[in-house]
Amino acid sequence: MRYLILLSYFIFLIACKQVSKNNTQQTNKDSVLSSNVYVKTDLSEMDMSWCPSNYPMQKMQGDTAQKLIARLIYSRPFKKGRPIFGTSNDNLCIYGKPWRLGANEASEITFFEDVKIADKLVKKGIYILYCIPEKDSWTVILNTDLYTWGLHINNLKDIFKTIVPTSKQVPTIENFTMVFSDTKSGADLVMAWDDVKVIMPIAFDK
């Protein structure tokens with residue numbers, strides 16, 4: 001009987017130790033996953049795309065042969081069940097009205113060398129990027145009115161416009177995305193959200 005009592009006590013101590021260990025692990029996990037005490041997470045996260053698309057990895061690996069053609073900085077709004085493109089005031093992006101191609105500050109693109117878009121020369125420099133969406137096409141525009149939020153765009157500072165067709169995005173995309181996709185003649189700037197995709201070819205010497 002004495003041995004049974006000692007054995008039960010020993011098992012009880014092991015169980016208590018395991019519970020304490022699990023609680024400590026959970027406490028450590030909670031402290032790691034807790035929200036940042038200095039800043040709240042932006043609901044429309046900022047992102048950056050490069051041309052060529054693998055430039056960051058090449059740079060980190062010390063590959064100096066790759067030259068940077070373009071860099072795009074923008075914020076990515078989420079769909080969250082809302083209607084995105086259409087004619088209604090309920091749509092986030094209304095046909096025929098300028099859209100800043102993202103959220104928060106105006107989307108900003110930097111060309112580090114001259115490029116051609118739709119056979120038109122675009123000089124190296126920094127521009128804001130916006131569009132006027134329609135059902136079957138978007139007018140994509142470069143503008144020199146920097147450091148704005150893109151809500152009230154001064155079209156007198158437009159320096160370039162091109163019309164690109166829309167296509168069906170499958171599967172649909174929850175958050176707005178802009179990426180460069182490398183091509184033989186340069187790169188495509190792919191812009192996609194919800195069930196809509198637009199591709200703007202950019203030509204440059206490789």
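Author: Start with strand pairing. Two strands pair if DSSP finds at least two bridges between them. Helices (H or I, at least four residues) and strands (E, at least two) are themselves DSSP runs, numbered from the N terminus. Here strand 2 and strand 5 pair in the antiparallel sense over 4 bridges.

Reader: Which residue stands opposite Ile-109 of strand 5?
Author: Leu-72 does. Strand 5 and strand 8 (residues 125-133) pair antiparallel over 4 bridges.

Reader: What kind of model is this, and how are residues and atoms counted?
Author: This is a predicted model: local features need pLDDT of at least 70, side-chain atom pairs count only at pLDDT 80 or more, and totals for chains, interfaces and linings use all residues. Residues are numbered from 1 along each chain as its sequence is written, and side-chain values use heavy atoms, with hydrogens and water left out.

Reader: Back to strand 5. Are its faces covered or open?
Author: First the general idea. In a regular strand the side chains alternate between the two faces of the sheet. Now the case. Strand 5 (residues 108-111) is covered on both faces. Glu-108 and Thr-110 are buried on one side, Ile-109 and Phe-111 on the other. Buried means under 20% relative accessible area, exposed over 50%, partly exposed in between (1.4 Å probe, protein chains only).

Reader: How much of the chain counts as buried?
Author: Of its 206 residues, 37%. The accessible surface of the chain comes to about 13300 Å². Carbon and sulfur atoms hold 57% of that surface. Such areas come from the Shrake-Rupley method with a 1.4 Å probe; for residues, only the protein chains shown count as cover.

Reader: What elements does the chain hold, and in what order?
Author: There are 2 helices and 11 strands. From the N terminus they run α-β-α-β-β-β-β-β-β-β-β-β-β.

Reader: Next, charges. How many salt bridges are there?
Author: The general idea: side chains of opposite charge can pair when their charged atoms come close. A salt bridge is a side-chain nitrogen of Lys or Arg within 4 Å of a carboxyl oxygen of Asp or Glu. The whole structure holds 7. One of them joins Glu-45 and Arg-76, at 3.7 Å from N to O. This pair links distant parts of the chain: Glu-45 sits in strand 1 (residues 45-51) and Arg-76 in strand 2 (residues 70-76), 31 residues apart.

Reader: Are those two partners buried or exposed?
Author: Glu-45 is partly exposed, at 36% relative accessible area. Arg-76 is buried, at 13%.

Reader: Last, contacts. What does Lys-67 touch?
Author: Contact means heavy atoms within 4.5 Å. Leaving out residues up to four places away in sequence, Lys-67 touches Cys-51, Pro-52, Tyr-55, Glu-113 and Asp-205. Lys-67 lies in the loop between helix 2 (55-60) and strand 2. Lys-67 is partly exposed, at 39%. Pro-52 is 15 residues from Lys-67 in sequence, and 7.9 Å away from C-alpha to C-alpha.
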